[in-house]
Structure formats: C-alpha cells, structure tokens
Amino acid sequence: MADGNAIEARGVHKQYGDVHAVSGVDFVVPWGQVCGYLGPNGAGKSTTLRMLAGILTPTSGTISIAGHALATSPLEARRALGFVPDSGALYGLLSAREHIALISDLYELPPTPTHERGQELLRLFEVADLEDRRVDTLSKGQRQKVALAMGLLHEPRVLLLDEPLSGLDASAARVLKDLLRGLADRGNAVLYSSHILDVVERLCDRAVILSAGRVVADAPTSELVARGADKTLESVFHSLTRAKDVEGLADAFLDRKTSRKKKKSKA
Amino acid sequence: MSRVSRPLRGLVRTFLLMDLRAQHYSQATGVGAGALIPPLYWVIGQFLTLSALTTAALFGRVDADFFAAANLGVLALGVFSAMVVEFHEAALDPADASVLAWRPIPRRIYALARMTNVGVYVGGMILLQTIFPAIVGAAQRDVGMGWLPLYALAALAVGGTAAALVVLLHALRPLSRALDDLRTGFAWVQIVGIMVVFYGGQLMLRNGTGSLEWFAAHPPAWFSLMPTTPLGGAIASASRGGPGLGLVAAALGVGVLTVGVATAQLGRAWADLGRLGSDTARTVGGRLAGTLGSGWIGALTGSRGQAAGLWLFRTALLRDSELRSRSLPALGTGAAAAALGVLTDQFADPFVAGASADVVLPLAAIVLLAAASPSLLYNTLFSRDHAAAWRLRAAPSPAELAEGVRKGVALLVLLPATLAVGLAAQVAWRAPLHAAGFALGTWLVVSLCSKVAAANVFTDVPLSRPAARGGALGPIAVLTAGIGAVASTIVGLLWLARGTPALLGAAVGALVIADVIAGRMARHRMARILGRRS
C-alpha cells in the first residue's frame, strides 16, 4: 500500500475560456473509505472526476492518486485507478469479451485469469450471458453493468464512480453497494459521485459537497447529517448549495396547468 | 520491447476491428440495396479509377518526368483530401477520451497505435494510386529498370507526408473551436485543390491540338514550384542510372520526419484527451419561441415538419464542422470551372458565342454544380448526434423533415452557389441580362437534379447515421455520375436551343414542368420509403 491518502486534490482549478468549472478544490480521500462527492448539476463534479482520472489536465493545482502525482507519474497513478464515467465508458462496437481482452493487453495482465475474473464480474452483475454481444446492442442498464465490470477488472485500489447506479435494477444496485462497501473495508478507496442522497448517506463514510465549483462541505457523513434541520443529508445539501425550496414546486406547476386548461374550456 | 508491444498490439487490433465493424452498419440496418457495399469499397474504386484515368491520359504523350510529377501530385491531393474529410478520426477519436484516456497507456503507445490505424488506410490509398503509374509507367520509353521501385518509394514518401501533415494539424489543437474553423478551412483548401486538378484535367480533355503535350513540354512557372516536379524528374533520371537517387532518398527522409513529428504531436494530444469532449459554454438559439417555422424559414417551407428539417440542416451546417468538411468540397469542381474560366478568359457567353471551346467551362459549371447535389444531400444523412435521431423517426412525417433538409441544401447551399456562378458570368461578359439568364438556367438544372437526387438519397431519416470511414467519399459515386449525365443532357439541349427564342422558351418551360413533377415524385418516394422505415 502506498503512503499517504488514496486521493489528494490540492487547489485544483479548471477553466474553459471565461468559465470557471472548478475553482480551487481541496479534499482528500483516505484509504479504506467510501467518500461521497455531491453537488447540484453543473457544480463541477464530473469535471473534477475527469481531472482525477487524468483525462483532463487541471488549469492549476495538484492531484495525486495512491501517492503518485498525476502530473509527474501519470502511468503509476492510472495503474492504481478504476473509473466508471457517467457515459461513454465502453466502445459500442466491441463486446464485453473483447473489452476484457483489450484491458488485459493494456495492463499486461495474464490472459486466462483476467478473462476468468471478467466472467466472474459479469456473472456478479448478471450479464455473463451477454459477454459476446456488441455493447451498442445492450440496454442502458446492461451497458452500465458491463462498464462497472470493466472498471473493476484490473483490481484497482482507487475507484472513481460517476452516477454508478444509473440504469441499474434493484438487485444490481444492491450488489454494487455491497461490493463498494466490501472493497473499502478491505483497504481500498472509493470516490462516489451521485445525486441519490439517501444512498450516499447510508453507503459513504464521508462526503464532499461541491457548489459552483467550490467545496462547501467536507466531513464524515454522520457529522453532516447531524447538522441538518431534519437530520438528513438532503436538508444539509439544500442549505449548503443554496438550492431554492423545491417543496411544492411540482404541485404549483400542475396547478397552473390545470387552471390554464379550465380557462381554455370556459373560453 | 515486449513490455510495450502487448498494449500496442491490443490497441491496434481493437481500432481496426471497430473500423471494420463500422463499415457494416449498412448491412446491419439494411438501409437499401445500394448501401450494402461497405463505404471503403467505393473509396477503393474511386482511387483506382482516378489513378487509371490519370495514367491513361498521360501515358505515351508526355515524358517520364511529367508523368511521375503529375501522378504523384494527384496522389498527394487524394490522400490529403481523404484524410481531411474522412480519416482524421483514425488519428484522434473523441470516443477514446472516456474509454481509454484514464488507462495507464504511455503516450507513445497510443500515438503509435493511432498512427498504425491511419497507416492502414493511407497505405491502402497509396497502393491503389501507385499500381497503375508504377506498372504502366515502367513501359515508357524514357525510363530504366529502376522505375517501379523508385516510383513506389516516392509515392510512399509523398502519400505519407501528406497524411502526416493532416494528422499533425489535427493533433495540434484537438477539437477546439479553433479546429472547427480549421476544418472548414480544410474544406475550402480541398475545393482549391480540386480546382487545380480540374484545371489540369480539363486541359487534358480539351487537347485536340496537342495542348497537353505542349503544356508538359513548356510547363508554367508554378509547375516547377510543386514538390512533386523535381521528384518526378529524379525518379525518371535515377531509373536510367542517372542522378536523382539522393532526391528520392531525401523525399523518403522528409516523409519519415513528418510522420515522426506527427506521432510525437499525437502523443502530446493524448495527454489532454479530455479536451475532445469539453468545450466552453456556448449560448445558442436564444430567440426561438416554441416554433422553428416562424420568419423566413416558415415562409420557405410548407409545413412545420419541413420547417424543422430546414432549421435542423441550417443549424447543423453552422455548428457541425464535420458536416461542412464532408459536404462542401462537392462544390469544388463547379466553383473551379467558373473561377478558372473567368481567370483564364475561357468563360465565353453561350448566348452569343458559336461552338467554340470557350463555352465548355460555363456549361461545365452548370453540370458540375448539379452533380454536387447528391453528395451534399447524402452527407446530411450522417451526424455525430445520430443517436438522437429516434426523435426524428418518431415524428409524424419523417418525409417532411427530409423535404425540409432538401430545401435547406437547395436554398442555403446550391442557390448561393448558383448566384455566384451568375456573378462570375456577369464579371466575364458585362451583360447583366445574359448573366441573369445564365443564372436562371443554372438554377433550373440544379433544382431539378437536386430533387431527383433527393428521391434517391433519402433512404433514411436525415442526421440518423454514424459516419463510417469512407462514407462521404464513396457510396454516392454512381448516383453522382448519373445526375451528371442527366445534367449534361439538359445543358446540351439548352445549348442547342439557345439560338431560337421559341425553342429556348419551350425548353425552359419543359424544365419548369419537369422540376415540379420531380419535386412531387421525390416527396412521394420519400414519404413511401421513410414512412416504412420510421
């Protein structure tokens, strides 16, 4: 196990033209933890994850993965990393079996044991029988299961997940949550980005909350929950991200629609 | 070596496998019998035909120096154009950003794998354009035993350099807004390239009095500035055992160096591949208020479905550099005929000139502009957002959308091009009435041909297919040739009728009626085919 933390982000900043997508993000994820990464749409979560994965270069700031600085030792850092992005994690024209072979070659893993591990992961997510189907012919949920299996294939010690439950059925979601908890308990680290706050509340040891590209909270989940008005992560999230009071918005919309219809029918 | 070879092998195998599978999209979806031939086969046919024609036109009529220089020039242009329009994604594919960019792949391995992927296509293109000049050229009187290997090596150097230059430009600023602009620039560079080739080609075709031989013997000053000119001379000389081997070796050296620099730049682009999927925030379409059919779009279209189709085409043309670079070069030959005709004083007024050679270019401009319509329409079938086409398929009438796209191509691309040809006529003739008549005649031919083309092209909903390598250059060739033949016939008839006002009026009237009938038939056919597919 490398020294230090599993993930360290120091003063990370990403700018596109005049747009500051991420502004000076600082946080660490220690080994053995599942860390929630939260924020409203457009807060900069996916941009941060893509920088942590080495796909995007930060405008400024430093990132290290498993003790390896991404800027100076990118290959060592990436070797420790598993990443499941919110979309486009797989080549549509390849099958799961072909993805396994590709990953095995890229990491120079022994072919037979890697294929066996791949099949095991596909079985875990109940898509083993789809191993030879082209990914672009799979349903959204099936694709997500294959993407998760491919993200875990090389036994990464640090996992970055962007909305991993998206499209998953209830049993696969349960399997994934148990798997992530188990991986963290065995000393690995998981950064879990999601909008499903009650899952984060139950699964994650700590949570980092992002708003408008800045970290507005970074604390153990239990501590954050205790800060909430009604002792839920949701209420803390709303207060910290200055989200407007969403209660009753849908009802108001439906009421307006109904009254417009009534006016029309009267006319 | 073995440490790097396995990832490299895995990547190359994967890239090629995906490219081959993308070729079979048509079979998988069964879009029509004409689409059952993979796009790359059409590209192969085109390159072979181009090379065979150039070789046949030059063999036995020019010396070996000119023969080699011209064939190598055509090869360079062919490879450069194909790379710009079709194969640049083989060098840097945006899909790699989320699938591969976080994996521990050394930059040189990725760059080598991508360059190998490009190399497969470029190698094929070079081979196809080398077979005829290398083998047939060996039978020339003024070459020696070394012609074939020397020509093949020079072709490798020229083609490799041209392809590597495109990769280098592409890797310098991946998919940024600057590259979008650059790609549109590439499309126009291609148009200029086509103009140059066309200029040479029409000289060859019109040389009843030996002007080709004269041109080859006394080439203009700019010909000697082309890099392939001294190389052609060196190949011929070295093949006879004379000097020139050093120049061929130097060309190979330049090729290797350019490929090396392009590979290194590709490696640097890999380090920040995430840029491929990122962009600065752009605000667009702020003035829309619930319908696309208001204003001028509404006035030009007959239904909201058509308005949506026209708006979609206009928006795609403005925002999708891919669409521009795939389709706009089709205008190149028509633009070339008009521009070169005016610049070289060979753009005579067909209403007053007799049967002189100088009316060939104005008439050719009409035919070539009409022949561009299949390619322009065909490329609207492809989109990088093809997955969103389910919404277009689910529309009440996809045929109305297709009709809107056809109108978009006609009114936003072909009509301005027609007006430009009319302007060229006015510049050359200083006779506004004749120029207006010429533009009107051009428009009637172009409009009719675009409707006939639309009936055959829209076998699927617009913007609904992913682009496959070779897709823009290939499958439309036969229809283009057919439309060109139809346009030639009509232009020929108009030319014959020009001296008799009554006959000319009847011909124009018949053309208007044919245009209306073709429009109805096209809409009927699109409704039948697209209604079945959606």
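**View 1. The largest cavity has a volume of about 100 Å³.** In this predicted model, local features need pLDDT of at least 70 and side-chain atom pairs count only at pLDDT 80 or more, whereas totals for chains, interfaces and linings use all residues. Residues are numbered from 1 along each chain as its sequence is written, chains are lettered from A and ligands numbered from 1 in the order in which they are written, and side-chain values use heavy atoms, with hydrogens and water left out. The structure holds one cavity of 30 Å³ or more. Here a cavity is a set of points, on a 1 Å grid over the protein atoms alone, where a 1.4 Å probe fits but cannot get out. Grid points are joined across faces, edges and corners, and the volume is the space filled by probe spheres set on the points.

**View 2. The lining of the largest cavity consists of 17 residues.** Lining residues have an atom within 4 Å of a point. Nearest the centre of the cavity lie Ala89(A), Leu90(A), Met150(A), Val99(B) and Arg103(B). Two or more lining residues come from each of strand E6 (81-84), helix H3 (96-106) and helix H5 (140-152) of chain A, and from helix H5 (96-99) of chain B. Helices (H or I, at least four residues) and strands (E, at least two) are DSSP runs, numbered from the N terminus. H3(A) gives the largest share of the lining, four residues.

**View 3. The lining of the largest cavity comprises 13 nonpolar residues, three polar and one charged.** Ala, Val, Leu, Ile, Met, Phe, Trp, Tyr, Cys and Pro count as nonpolar, Asp, Glu, Lys and Arg as charged, and the others, Gly among them, as polar.

**View 4. Chain A contains ten helices and ten strands.** Its radius of gyration, taken over C-alpha atoms, is 21 Å, close to the 18 Å that the globule rule gives for 267 residues, so chain A is as compact as a globular protein of that length. The globule rule is 2.2 Å times the number of residues to the power 0.38. Of the 267 residues in chain A, 49% are buried, meaning under 20% relative accessible area (1.4 Å probe, protein chains only).

**View 5. Chain B has 23 helices and zero strands.** Buried residues account for 53% of the 534 residues in chain B. Among its contacts (heavy atoms within 4.5 Å) with a separation of 6 or more, 81% involve residues 24 or more positions apart.

Definitions and conventions:
1 Å grid on protein atoms, 1.4 Å probe; cavity = no way out; pocket = protein on both sides within 12 Å on 5 of 7 lines; lining within 4 Å. Buried < 20%, exposed > 50% of the residue type's maximum accessible area, 1.4 Å probe, protein only.
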